[in-house]
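Hello,

Here is the structure I promised to pass on. Please have a look, and my notes follow below.

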Amino acid sequence: MYALADCNNFFVSCERVFNPSLNGKPVVVLSGNDGCVIARSNEAKALGIPMGCPAFQVKNYTNPGNVIMLSARHIVYRDLSNRIMRILGEMALNLEVYSVDEAFFALPYEDIEQNHKLLTSLVKKIQKYVGVPVSIGFAPTRTLAKIASHVAKKDKNNAERVKGLTNIDEINQVLSQIKIDDVWGIGRRLNAKLLSCGIDTAGKFIMLPQSYLQRIGNINLVRTQQELKGIDCISISSVNIAHKSIMNSRTFGHVITKKQDIADAIISFAQSCARQLRQEGSAAQVVTVYIRGDHFRQDLPFYSNSCSVRLPSHSASAMDIAKHALLAFNNIYRDNFAYRKAGVMVSDIKNDDELQLDLFNGENDVRQAKLMTAIDKINNRYGKKQIVLAPTLTRGDWAPQQNHFAPLSKTLHFYTGMNPRYTSRTPITVKYENNEEESEC
């Protein structure tokens with residue numbers, strides 16, 4: 001038996017944790033550079049604001065004065081996500097983090113009532129310790145569990161926010177009401193093909209012959225059908241899945257013409273890629289850099305290019321990756337152009353235990369590894385930006401343009417106790433940024 005925990009309107013719910021005055025109001029969270037809507041409260045959905053709506057078009061759906069637009073704070077969202085996943089990991093089996101607000105896990109009991117009781121207590125615990133509402137669905141397969149979670153989220157009469165799909169008659173009834181594009185694994189192209197054949201619900205989809213599914217899709221589409229029939233075809237994998245590549249990129253707040261400003265951004269992106277490599281216990285040998293102009297600006301010439309550089313050996317050192325990223329950047333940079341986006345990607349990734357030391361540079365590699373370990377320890381304790389490469393001390397002109405941040409909440413200075421660093425009984429003195437007062441927690 002599998003379950004899926006899905007946070008309700010996650011980004012908006014995170015903002016409401018630190019600003020309860022947003023409860024009951026139409027709230028939308030905007031993407032980088034405040035470009036488009038990436039999260040909506042239920043009140044904003046009721047006003048007709050669609051996902052991905054450009055920020056300047058929000059006024060076309062309702063009175064803009066009624067909608068609260070907020071710039072995304074992904075660091076806060078990631079912190080709350082980690083807290084939720086930690087709680088799930090304590091009570092669940094074989095946790096698989098599917099996204100920042102979703103996670104699959106196996107249930108410990110065969111009895112349906114025991115599982116329902118466990119999940120109900122889990123929802124209450126997350127609400128109490130983190131403050132984010134979560135809906136959980138459980139079923140014999142992961143695809144059905146995702147549908148059950150969707151039903152639990154949409155059912156306003158379900159105060160427990162837990163839904164189980166275990167009875168075959170109930171499953172068929174629910175599938176007959178679920179739109180085909182709401183089924184996990186059905187993308188836009190497959191949805192268009194199925195709709196053209198009159199297949200608009202999951203109930204009709206499970207009646208199709210497998211030969212037809214293989215003809216319009218592939219084996220994964222057949223597995224999706226089997227999952228909807230209650231046949232487990234997708235195994236839960238480990239949460240620690242090694243990446244084949246890691247990318248860090250940004251769209252600048254405005255077009256940039258200075259080479260040094262873009263180089264600073266490249267160094268920052270390379271440093272972030274290296275940090276993620278070390279967190280996963282891996283190293284990369286290929287560094288790819290790309291830069292791109294603004295194709296919406298008709299008054300500026302457009303230029304876009306990329307370049308890949310291979311390191312002498314696999315490395316997770318921020319200095320090595322940044323050095324070769326700059327080499328790639330210098331190869332593709334051209335004067336007299338305006339740039340709007342850049343990024344760094346590392347690939348050819350291997351685990352640390354698979355690496356072979358460089359015969360001619362082994363001692364330097366060991367020193368670099370020790371240095372990075374020491375830097376990570378300091379940054380983990382005092383903040384990830386306490387020790388950085390010099391050009392990345394400030395983000396300068398390449399920082400995203402975000403003008404809708406919520407007022408800084410004093411609640412952000414406190415922790416719930418879920419972080420082991422803050423579970424000590426010794427009082428911690430916290431000073432507010434406005435220097436009004438000090439308090440102990």
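The side chains of Asp 6 and Lys 153 form a salt bridge, with N and O 2.8 Å apart; the term stands for a side-chain nitrogen of Lys or Arg within 4 Å of a carboxyl oxygen of Asp or Glu. Because Asp 6 sits in strand E1 (residues 2–7) and Lys 153 in helix H5 (residues 142–154), this pair ties together parts that lie 147 residues apart in sequence. (Helices, H or I with at least four residues, and strands, E with at least two, are DSSP runs numbered from the N terminus.) Asp 6 is buried, at 10% relative accessible area, while Lys 153 is partly exposed at 29%. Here buried means under 20% relative accessible area, exposed over 50%, and partly exposed in between, with a 1.4 Å probe and protein chains only.

Before I go on, a word on the source: this is a predicted model, in which local features need pLDDT of at least 70 and side-chain atom pairs count only at pLDDT 80 or more, whereas totals for chains, interfaces and linings use all residues. Residues are numbered from 1 along each chain as its sequence is written, and side-chain values use heavy atoms, leaving out hydrogens and water.

How many salt bridges does a search of the whole structure find? The count is 12. Among them is the pair Lys 163 and Glu 170, whose closest N and O atoms are 2.5 Å apart; Glu 170 is partly exposed, at 26% relative accessibility. Asp 200 and Lys 204 also meet through their side chains, at 3.1 Å from N to O. Asp 200 is partly exposed with 33% relative accessible area, and Lys 204 is partly exposed with 40%.

Back to strand E1, now for its place in a sheet. Five strands make up an open sheet of mixed pairing, ordered E5-E6-E1-E7-E8; two strands pair if DSSP finds at least two bridges between them. Strand E5 (93–99) and strand E8 (162–164) are the edges, each pairing on one side only. On average, neighbouring strands of this sheet are turned by 20° against each other, direction ignored. E1 and strand E6 (residues 102–106) run antiparallel and are joined by five bridges; Leu 4 has Phe 104 in E6 as its bridge partner.

Helix H3 (residues 74–91) packs on this sheet and touches E1, E5 and E6, its direction making about 155° with that of E5. Contact means heavy atoms within 4.5 Å, and axes are lines fitted to C-alpha atoms, for helices over the stretch in contact, with angles from 0 to 180 degrees between N-to-C directions.

Best wishes
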